[in-house]
Amino acid sequence: MLRIVVDLNRCESYAQCVFAAPSVFWIKDGESLEYDYVPDDSLRVQVERAAAACPVQAISICWLDEQLGQQRGNHNEQ
Amino acid sequence: MSSSDTEKTASSVQRIIIVGASLAGLSAAEALRSEGFTGTITVIGDEPYAPYDRPPLSKTVLTGLLPAEHTTLPQRVDLHAEWLLGVPAIGLALENREVELADGRRFGFDRLLIATGTRARPWPDSAQAALDGVCLLRTRDDAAKLRARLAAGPKRVLVIGGGFIGSEVASVCRELDLTVTVTERSSTPLIGALGSAAGMFAGQLQCAHGVDLRCNVTITALEGDENGRLRHAYLSDGDTLDIDVAVVALGAVRNVEWLHDSGLAFDSRGIICDSTCRAFNTNGMATDNIFVAGDVARWPHPLYEGELLTVEHWGNSVEQARTAAHNMMSAPADRRAYETLPAFWSRQFGVNLKTVGLPTFADEVVLTQGSIAERRLVAAYGHKGRIVAALTVNMARWLPAYKAMIEARAPFPPVLHAPDGPAELRPVPAGFPPRGQSTHSPIATPTGPGPSISPPEESSTSAKVQDPRVPPGFQPK
């Protein structure tokens, strides 16, 4: 599963991510970036382009399946 | 891992426990692995979820754009961590180097990171707090519940406390076209974090967006019907509101109680640590194996004259945890000090608010660029002739320039010659209230110089000031 987080302290609202992946990132009220933390896997290329295009490199991406499974496993043991 | 990494790591460190499975705990675990730690990492968390992000809980989750379960944070490196989720830690034995969990299990460690953060301050009357419709907002579950309440179309939402959480909830209510009342004991919203000068601007924004803002007012009681459903709120100005939802936004309480009798130096303001994130014990000695990061830490920042800071910011959880992780696995000579400037953002009522530095340290504030009328501005905060913080409203790109001035200890008011600035800079008092006067908490604040001074809220008169039901004008003797 694709997951992202944006460091909004770093974000300066250049909106390059909005151009690269418009269904994942959007600008609210002129300057506030909002985004979907769990974009559909089919948007992976768009999201990677968005992260690469960010002038202040505020976007982190990862695939989480393995770790999440591990966490559920531990929780169930209790 | 290179051989130099191995040498750098204190070789005795094999087992690291992180108590707190939120942003700081996750950031520390990522940093440990990124820096080459190969021993065991155990992460203990009281909530049953993998680390998730809290900022959207008061924004996109409440508007319904983002499901609460979508806030799970990415894990940027393969952590190979053992996750013990849904069970809180209840004790720490320093001499045995053991953490005890609520289910009785004990885990030994070589290094411990305490990142237990905060919880929402509850409504002081527990029977009223239990009424159906009285909500808190801190966790993913809180946000999902409040989202369901707002989606059901309540006739009026009451927000108790005009801090950042309260203001963001009110903003979402107006976006959803819900009728909302905000009560705040002091004279403006956001006064605890930004002072009354900036708070007046925040109050104007709220009113312009249709919020029924009641400052200098407290809620004296909440009342339910025979089925235990919230129905009324009684205000200190004599008014009674018909409501079905009340959001208690009174700030945060630090999760330190589990450290009782541990021998660490802590109180309700946080756990005292040095700038390398090592916790102090009650004898005033820095421990070598207990580290602290995030909302629960209280430490001296070099830019703020040795005052111990507490900072409940997203960025602080990330950066302080990374520093702690580095120092946990480093030989003493390789440890580094944590001196990142506090930084914060909020979205509410059509504007993006961002700060850098520590506004609560300031005595004066000055508008340096833009204007209140345009709702685009930069304000600089000063303390004794030096710039200590800056606030931007829809002008975030200017913030790094001000950050550089703060780090360089530039004079206040700053000399800018900005083409969009006023002809003459006119500093005004920043207007921070005495401790305990506002309904909400300041988010980031200096808390006094050291471990030997007892916290002001421990005296009984101050406890009364802290009670959010006590109306303004109460004078402690």
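This is a predicted model: local features need pLDDT of at least 70, side-chain atom pairs count only at pLDDT 80 or more; totals for chains, interfaces and linings use all residues.

Modeller: Start with chain A. Of its contacts (heavy atoms within 4.5 Å) with a separation of 6 or more, 62% join residues 24 or more positions apart. Residues are numbered from 1 along each chain as its sequence is written, and chains are lettered from A and ligands numbered from 1 in the order in which they are written.

Chain A has 3 helices and 4 strands. Helices (H or I, at least four residues) and strands (E, at least two) are DSSP runs, numbered from the N terminus. Along the sequence of chain A they follow the pattern β-α-β-β-α-β-α. Chain A has 78 residues, and 54% of them are buried. Buried means under 20% relative accessible area, exposed means over 50%, and partly exposed lies in between (1.4 Å probe, protein chains only).

Now the part to look at closely: the place where chain A meets chain B. Chain A brings 33 residues to the contact, and chain B brings 42 residues. The area buried between chain A and chain B is about 3,200 Å². Buried area is the accessible area (1.4 Å probe) that two parts lose on being put together, summed over both. Carbon and sulfur atoms give 50% of that area.

Polar contacts come next. Between chain A and chain B, 14 residue pairs are in polar contact, both at pLDDT 80 or more. A polar contact is a pair of N or O atoms within 3.5 Å; within protein, one must be able to donate a hydrogen and the other to accept it, and residues adjacent in sequence count only if both atoms are side-chain atoms. On the chain A side, five elements each supply at least two of the touching residues: strand E1 (2–6), strand E2 (25–28), strand E3 (32–35), strand E4 (59–63) and helix H3 (65–77). H3(A) gives the most, with 7 residues. Sorted by class, the touching side of chain A has 13 nonpolar, 10 polar and 10 charged residues. Here Ala, Val, Leu, Ile, Met, Phe, Trp, Tyr, Cys and Pro count as nonpolar, Asp, Glu, Lys and Arg as charged, and the others, Gly among them, as polar.

Side chains of opposite charge can pair when their charged atoms come close. A salt bridge is a side-chain nitrogen of Lys or Arg within 4 Å of a carboxyl oxygen of Asp or Glu. Between chain A and chain B there are 3 salt bridges. One pair is Arg347(B) with Glu34(A), whose closest N and O atoms are 2.6 Å apart.

Chain B has salt bridges of its own. Asp274(B) pairs with Arg278(B), with the closest N and O atoms 2.9 Å apart. Both partners are buried: Asp274(B) at 12% relative accessibility, Arg278(B) at 18%. Back at the boundary, salt bridges that share partners join Lys28(A), Asp29(A), Glu34(A), Glu175(B) and Arg347(B) into one network.

Over all chains, the count is 32 salt bridges. Another is Glu257(B) with Arg119(B), where the closest N and O atoms are 2.7 Å apart. This pair links distant parts of the chain, 138 residues apart. Glu257(B) sits in the loop between strand E17 (252–254) and strand E18 (266–267) of chain B, and Arg119(B) in strand E8 (residues 118–120) of chain B. Glu257(B) is partly exposed, with a relative accessible area of 42%. Arg119(B) is partly exposed too, at 33%. Arg174(B) and Asp177(B) also meet in a salt bridge, 4.0 Å from N to O. Arg174(B) is partly exposed at 23%, whereas Asp177(B) is exposed at 61%.

For a contrast within chain B, turn to helix H2 (residues 23–34). Of its 12 residues, 11 are buried, so H2(B) is largely enclosed by the rest of the structure. Its cover includes strand E1 (15–19), strand E2 (40–45) and helix H8 (314–328) of chain B. Just after H2(B), Gly36(B) takes a positive phi of about 100°.

How values were computed: Side-chain values use heavy atoms; hydrogens and water are left out.
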